[in-house]
Amino acid sequence: MEENFDPDLIHAIFKLVWSRRNKKVEGNQGIDLEGGAGTSKKTRATTANASALKVSCELLRLFVAEAIQRAALIAEAEGIDIIEPTHLERVLPQLLLDF
């Protein structure tokens with residue numbers, strides 16, 4: 001059985017990011033970002049349903065598995081049996097472009 005990320009953990013991370021984003025939006029209320037007359041940007045509560053969390057967990061699992069696999073290939077090419085942080089640093093730019 002493949003391990004997966006805990007949906008509650010992922011939901012907590014999402015809520016943290018959303019709350020930080022809302023604080024930034026609230027801090028910029030004096031600045032007209034939209035440019036239109038009479039427009040206002042309301043801050044709404046952001047939520048994620050169970051299906052969205054499940055898909056997010058699976059996407060994160062695949063992303064991490066792919067990062068480890070690519071880093072392992074680089075380590076193997078260098079003749080090293082252990083993946084080091086530098087191996088991950090080398091694969092992340094292309095990995096982010098691929099995902």
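## The Arg-90 and Glu-78 salt bridge

In this predicted model, Arg-90 and Glu-78 are joined through their side chains by a salt bridge, with an N to O distance of 2.6 Å. The pair links distant parts of the chain, since Arg-90 belongs to helix 3 and Glu-78 to the loop between helix 2 and helix 3, 12 residues apart. Arg-90 is partly exposed, at 46% relative accessibility. Glu-78 is also partly exposed, at 39%.

## Salt bridges within helix 2

The structure contains four salt bridges. One of them connects Glu-66 to Arg-70, at 2.8 Å from N to O. These two residues are separated by about one helical turn, because they stand four residues apart in helix 2. Glu-66 is partly exposed, with 23% relative accessibility. Salt bridges with shared partners bring Glu-66, Arg-70 and Asp-98 together in one network.

Another salt bridge is formed by Glu-58 and Arg-61, whose closest N and O atoms are 2.7 Å apart. Both residues are in helix 2, three residues apart, or about one turn of the helix. Glu-58 is partly exposed, with a relative accessible area of 30%, whereas Arg-61 has a value of 17% and is therefore buried, the limit being under 20%.

## A nonpolar surface patch

Phe-5, Leu-60, Val-64, Ile-68, Ile-83, Leu-88, Leu-92 and Leu-96 make a nonpolar surface patch of about 600 Å². Helix 2 (50–77) and helix 3 (85–98) are the elements that give two or more residues to this patch. Ile-68, one of the patch residues, lies in helix 2 and is partly exposed, with a relative accessible area of 45%.

Methods: Residues are numbered from 1 along each chain as its sequence is written. This is a predicted model: local features need pLDDT of at least 70, side-chain atom pairs count only at pLDDT 80 or more; totals for chains, interfaces and linings use all residues. Side-chain values use heavy atoms; hydrogens and water are left out. Patches are made of residues with over 30% relative accessible area and no salt bridge: like charges are joined within 9 Å, nonpolar side chains (Val, Leu, Ile, Met, Phe, Trp, Tyr) within 5 Å. Accessible areas come from the Shrake-Rupley method with a 1.4 Å probe; for residues, only the protein chains shown count as cover. Buried means under 20% relative accessible area, exposed over 50%, partly exposed in between (1.4 Å probe, protein chains only).
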